[in-house]
Amino acid sequence: MIRPRILLTARWPEAVEAALAERFQVAFNRDDHPFDRDELRQALRDYDAVCPTVVDPLDAGVLDVQPRRCRLLANFGVGLDHIDLEAARRHGIVVTNTPGVLTDCTADLAMTLLLMVARRAGEGERQVRAGAWHGWRPTHLLGTQVTGKTLGIVGMGRIGRAVAHRARHGFGMRILYHHPRPLAAAEGEYCPDLDALLPRCDFVSLHCPGGRRNRHLFDAERLARMKPGSFLVNTARGDVVDTDALIGTLDHGPLRGAALDVYENEPEVDPRLRRREDVVLLPHLGSATVETREAMGFRVLENLEAFFAGREPPDRVV
Ligand code: 8YV
């Protein structure tokens with residue numbers, strides 16, 4: 001039997017690459033270079049399935065390529081805003097993702113960011129490394145208490161709920177959440193009006209999808225509604241927040257700080273952000289643990305196996 005030809009657009013954990021190689025004819029991206037649009041087009045011509053990541057822009061201009069051999073985009077990751085799902089549907093390309101396996105990992109990172117920005121951990125670390133710490137003083141690098149404060153969650157999907165659980169049970173925080181509809185067992189108060197939630201929260205953490213629908217959901221007007229002295233945490237997608245507006249709000253209030261794992265034009269990070277002490281900046285590490293990245297890879301493998309065995313892939317989105 002001829003084994004399907006599949007392509008990974010990036011290096012994956014070794015254990016997953018080995019398991020894939022046993023079952024498929026796999027082309028690996030040995031030097032881990034980012035694929036450009038022409039390489040992605042060529043990949044769609046040459047392979048039965050392409051396994052992209054968040055950095056591969058699979059927009060209509062790329063997906064429209066003819067002739068096209070690819071029948072499956074088995075995405076390594078849960079967010080799909082880098083793939084034009086309408087165009088995929090139009091061309092009969094099946095799309096799968098990896099929900100569930102990165103929930104805890106990403107929620108842990110959102111809490112890491114929240115704590116770091118509240119307690120000025122980045123500033124403190126930079127000070128120690130620079131040899132600029134001159135000893136304990138009662139007023140040195142005072143941050144903001146987290147325990148007992150109010151956290152607003154925007155997007156109460158799996159990750160939003162996992163953050164709510166941690167914040168409530170680990171830190172005694174009060175939870176408010178904004179979501180398209182109220183949820184039966186949600187750990188928090190439902191706020192259908194996002195603008196009414198914002199002035200009530202000491203921290204706001206974003207867990208909604210990126211892409212067209214939520215682009216600049218946090219624009220200047222919305223950021224201005226946040227509580228004076230509050231903090232914004234973003235582990236969702238960079239384009240949910242208007243970077244210019246964020247910088248303006250940090251300069252003139254009401255925001256005291258922001259903690260970001262994602263950016264509008266990754267891997268570029270606005271130099272104005274990089275110069276600030278009141279922001280924590282991480283390089284898209286939400287799902288970056290060995291356990292989670294292996295679980296994501298094996299989840300892609302399950303989807304590939306199901307698809308090529310003629311079964312419904314478990315995580316089919318399109
Ligand atoms: C992944 C993520 O690392 O799954 C997602 O949507 O944002 C990340 O945690 C990335 O997408 C891999 O493609």
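**A tour from sheet to helices**

Select the open sheet of five strands: its order is β2-β1-β3-β4-β5, and the pairing is parallel. Two strands pair here if DSSP finds at least two bridges between them. Strands are DSSP runs of E with at least two residues, helices are runs of H or I with at least four, and both are numbered from the N terminus. The edge strands are β2 (25–27) and β5 (94–96), each pairing on one side only. From one strand to the next, the twist averages 20°.

This is a predicted model, in which local features need pLDDT of at least 70, side-chain atom pairs count only at pLDDT 80 or more, and totals for chains, interfaces and linings use all residues. Residues are numbered from 1 along each chain as its sequence is written, and side-chain values use heavy atoms, with hydrogens and water left out.

Stay in the sheet and pick β3 (residues 49–51) with β4 (residues 72–74). They pair in the parallel sense over two bridges. A49 stands opposite L72 in β4.

Next, the loops. Go to D32, between β2 and α2 (37–46). Its phi is near 60°, positive in a residue other than glycine. Most residues other than glycine have a negative phi, and most peptide bonds are trans. Now select Q66 and P67: the peptide bond from Q66 to P67 is cis, with omega near -10°. P67 lies in the loop between α3 (60–63) and β4. Another cis peptide bond joins E266 and P267, with omega about 5°. Find P267 in the loop between β11 (255–260) and α11 (271–274).

Colour by domain. The assignment, automatic or from a database, gives domain 1 (5–101 + 290–308) and domain 2 (103–281). Their centres, taken over C-alpha atoms, are separated by 31 Å. Eight residues of domain 1 are in contact (heavy atoms within 4.5 Å) with seven of domain 2.

Last stop: helices α5 (residues 103–118) and α7 (residues 158–171). Their axes come within 8 Å and cross at roughly 55°. That makes α5 oblique to α7. Angles run from 0 to 180 degrees between N-to-C directions, with axes fitted to C-alpha atoms over the stretch in contact. Under 35 degrees counts as roughly parallel, over 145 as roughly antiparallel, 65 to 115 as roughly perpendicular, and the rest as oblique. Show the contact residues: among them are T103, M111 and L115 of α5, and R158, V163 and F171 of α7.
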